[in-house]
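Please open the structure in your viewer and keep the selection tool at hand. The stops below say what to select next and what is there.

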Amino acid sequence: MRAWNLRKCYYTAVFMILYVFYHPADSGAVSLTSENIDMTLASNELVFLNFYAEWCRFSNLLAPIFNEAADKVREAFPDAGKVVLGKVDCDKETAIASRFHITKYPTLKIVRNGQLSKREYRGQRSADAFLEFVKKQLEDPIKEFHSLKDLETLDSKKRIIIGYFDRRDQPEYDTFRKVASNLKDECQFHVGFGEAAQAMHPPGGENKPLGNAIHNITLGHPIIVFRPDVALTHENDETYTGSLKNFDELKIWIQEKCVPLVREITFENAEELTEEGLPFLILFHHPDDTNSIKDYKAIIEQQLMDEKQNVNFLTADGKRFAHPLHHLGKSEEDLPIIAIDSFRHMYLFPNFKDMYQPGKLKQFLQDLYNGKLHREFHYGPDPVTNEIQVDVNSNTSPPESTFKKLGPSKNRYTLLTKDEL
């Protein structure tokens, strides 16, 4: 009898442990709080977060869809440490909401390998769309090549990071792969192993040209290079010289190379760029006009680097963005043109060719900051000055911002700060 009772107590204890720690009936996204969020982010390759508020009707519409997606993702990826769909009640977890800079509900963010992705999820809000998004995020971010000849056909329109490793099990490759997972939206990542990598290692470890420098390469030492979007040859490749085992160091280097100072705005990324809250300095160009783009980028890099925290430097296809041109009183025939969108008004740079005069674009930005552009649109040119004059009369007003309308929609989000953007 005593043995039976002991067995009964043992099985009861096991049952209680399973009941407390394992809930097979649990479904939906995992509720995250200040007590469990850090462990969740650190112990999973991908965490897909839904920041919501109970009183927000858009949050309530999304909740059952996101929970359904969590069940589908759990079924597709049952292994622990792979992916978690989590939800944060921002009214209860105000510290978490502040930490992740939540300004609208619901906000969907992605954390990869413990690192917050700069880009939010802005796609379709359905369980199947969320599942496909997660599958895409968990795909291997690196494409393998088998000979150096394969690299000659890479798409030059996107910046490229290339790794050369002797073996896949090298610790340096594990670091490279984690960085690639975090930055795959910004760059293409390619890797070669074995013979493909050894082609970069000359016999005896002698000097071998690579990019614009000469490196003393020894057999077995991995190589990581950056290939700009303007070239297809090794003469323009730049080699990483830091630690290949330091995740943060490698990520910072690749991020600086892959995120350009001048970006292209499209209808797909306009909401994301607008939400950054910085004024736009935009070159509107004809789709076939590459020379204006190159010149504009070069001038920005040479003269306006100190403004990168204050303004977003962008290029825009003038045919696709004909509506903003119309607001400026321009058409496709007037391209290329440069304008500022302050999210209140749009201001036209008087003469595109003035861009080539040192200091003119910088003064254009200064005139935005000090209010001169706005004053001149309302009251005509300021008294005699050598600065840029805006060719308008005193009875006009600057056109309203058109890109502000491409920001987060009030029909999709509850915006917390009405005066932003």
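A residue is called buried when its relative accessible area is under 20%, exposed when that area is over 50%, and partly exposed in between, using a 1.4 Å probe and protein chains only. This is a predicted model, in which local features need pLDDT of at least 70 and side-chain atom pairs count only at pLDDT 80 or more, while totals for chains, interfaces and linings use all residues. Residues are numbered from 1 along each chain as its sequence is written, and side-chain values use heavy atoms, with hydrogens and water left out.

Begin by selecting T315, which has its place in strand β16 (residues 312-317); helices (H or I, at least four residues) and strands (E, at least two) are DSSP runs, numbered from the N terminus. T315 counts as buried because its relative accessibility is 5%. If you leave aside residues up to four places away in sequence, T315 touches V262, R263, E264, I265, I282, L283, H285, I293 and Y296, where contact means heavy atoms within 4.5 Å.

Next, turn to the aromatic rings. Rings of Phe, Tyr and Trp (its six-membered ring) pair if their centres lie within 6.5 Å, and planes under 30 degrees apart count as stacked, over 60 as edge-to-face and the rest as tilted. The structure holds 21 aromatic pairs. Select F48 and F66, whose ring centres are 5.5 Å apart and whose planes stand at 70 degrees, so this pair is edge-to-face. The pair links distant parts of the chain, with F48 in strand β2 (residues 46-52) and F66 in helix α3 (residues 57-76), 18 residues apart. Both F48 and F66 are buried.

Now select F165 and F193, where the ring centres are 6.5 Å apart and the planes are at 40 degrees, so the pair is tilted. Distant parts of the chain are linked here too, since F165 lies in strand β8 (residues 160-165) and F193 in strand β9 (residues 188-193), 28 residues apart. F165 is buried with a relative accessible area of 0%, and F193 is buried with 13%.

Which cysteines does a disulfide join? Select C187 and C258, which are joined by a disulfide with an S to S distance of 1.9 Å; the term is used for a pair of cysteine sulfur atoms within 2.5 Å. By this rule the count comes to one disulfide. The link of C187 and C258 is left-handed, with -100 degrees about the S-S bond. C187 lies in the loop between α6 (171-183) and β9, and C258 in helix α8 (residues 247-258), so the pair ties together parts that are 71 residues apart in sequence. C187 and C258 are both buried.

For the last stop, select C56 and C90. The cysteine sulfur closest to that of C56 is in C90, 10.0 Å away, which is too far for a bond. C56 counts as buried because its relative accessibility is 0%, and C90 counts as buried at 3%.
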